[in-house]
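Please look over the charged side-chain pairs in the model below. A short report on them follows the display.

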Amino acid sequence: MARAYGWNAKLLLAFETTYGTAPASGAYKLTPFVSCDLDSAQGLIASNVLGLGRDPTQPYQDVINVDGDIVVPMDIRNIGNWLKAVFGAATTTGTDPYTHVFTSGKTSLPSLALELGMPEIPDFPLFTGVRANSIAFNFQRSGEAQATVNLIGQGETAQTVTKDNAPDELAYTRISQLQGSVKKGGVLLGNVTSASVTYSNNLERVETIRSDGKLEGVDPGVAALTGSLAVRYADTALMDAARAGTPIDLELSYVIDADNKLVIECHEVYLPKPKRSVSGPGGVEASYDFQGAKDAILGQMVSVTLTNDVAGY
């Protein structure tokens, strides 16, 4: 009897032209991933019918919910598809290397069709009407660089064959934490031990009455930019900005070389005043859980610049 294994799972991604309608074969991209718990769930509602004895009558099927997280490696080419899902289409300039600029605040976002294939079974569930709710990046001194994308979808179609036998595939080039950096005002920010940043679309499920139990749609809400900075307490620059309520501009980046890099620019970041806790003879750290806001001059809260050899997304 065949058993499914993660090493042989295949994730296919395609952008939909019509919400909730999966594109035909030829539009899909084979996408590397670390883990995926995107799936549909349909609960049961216990019966409350009386008068037929102590044993209950059959339960009712509840609505269908499709959601979950996909953890993806920080790959200089494939990450562009996820950035497009989160921020919308990029503005692309240049000719190899190409510069793709993704910005926050767009009023409409693309939807995806995602197929998670397990050929041993065979089982190829296809999730449609999927929109990216958030993307989270974590920066640390060592280890694998990854991003976590939270997704909300409309529905699932059961399949025993794949939607696309010959999907497109971009060459895989992994980014490591060693290539990460954090800057403030364009200058390397010292004494940072870890950093994280999350951009969220705060998607709203449009739950209407439908006989198929699916969502009517998933619409963007008020965006949010949050994150944290853990720093060794060596000076009062960040503490002074927190006390005064003065915003700073924060840049988090992964740079392989001049032609291959990802730069996340948080244009207006506000820091809370944290506690300084001395708990032993070691170094003193302070942790800032920041929030972002729209920069009135630039007109956006965050922009992500991806430089690589891909002509467009």
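This report covers the salt bridges and the surroundings of their partners.

## Basis

This is a predicted model: local features need pLDDT of at least 70, side-chain atom pairs count only at pLDDT 80 or more, and totals for chains, interfaces and linings use all residues. Residues are numbered from 1 along each chain as its sequence is written, and side-chain values use heavy atoms, with hydrogens and water left out.

## Salt bridges across the chain

The structure holds seven salt bridges (a side-chain nitrogen of Lys or Arg within 4 Å of a carboxyl oxygen of Asp or Glu). One of them joins D67 and R205, with the closest N and O atoms 2.9 Å apart. D67 sits in strand 5 (residues 60-73) and R205 in strand 16 (residues 204-206), 138 residues apart. Strands are DSSP runs of E, at least two residues; helices are runs of H or I, at least four; both are numbered from the N terminus.

D67 is partly exposed at 31% relative accessible area. R205 is partly exposed too, at 26%. The cut-offs: buried is under 20% relative accessible area, exposed over 50%, partly exposed in between (1.4 Å probe, protein chains only).

D309 pairs with R77, again in a salt bridge, at 2.9 Å between the closest N and O atoms. D309 follows strand 22 (302-308), and R77 is in the loop between strand 5 and helix 1 (79-87), so the bridge ties together parts 232 residues apart in sequence. R77 is buried at 13%; D309 is partly exposed at 35%.

## Local pair and network

D240 and R243 meet at 3.5 Å, N to O. They are three residues apart in helix 2 (residues 237-244), about one helical turn. R210, D212 and E216 form a salt-bridge network.
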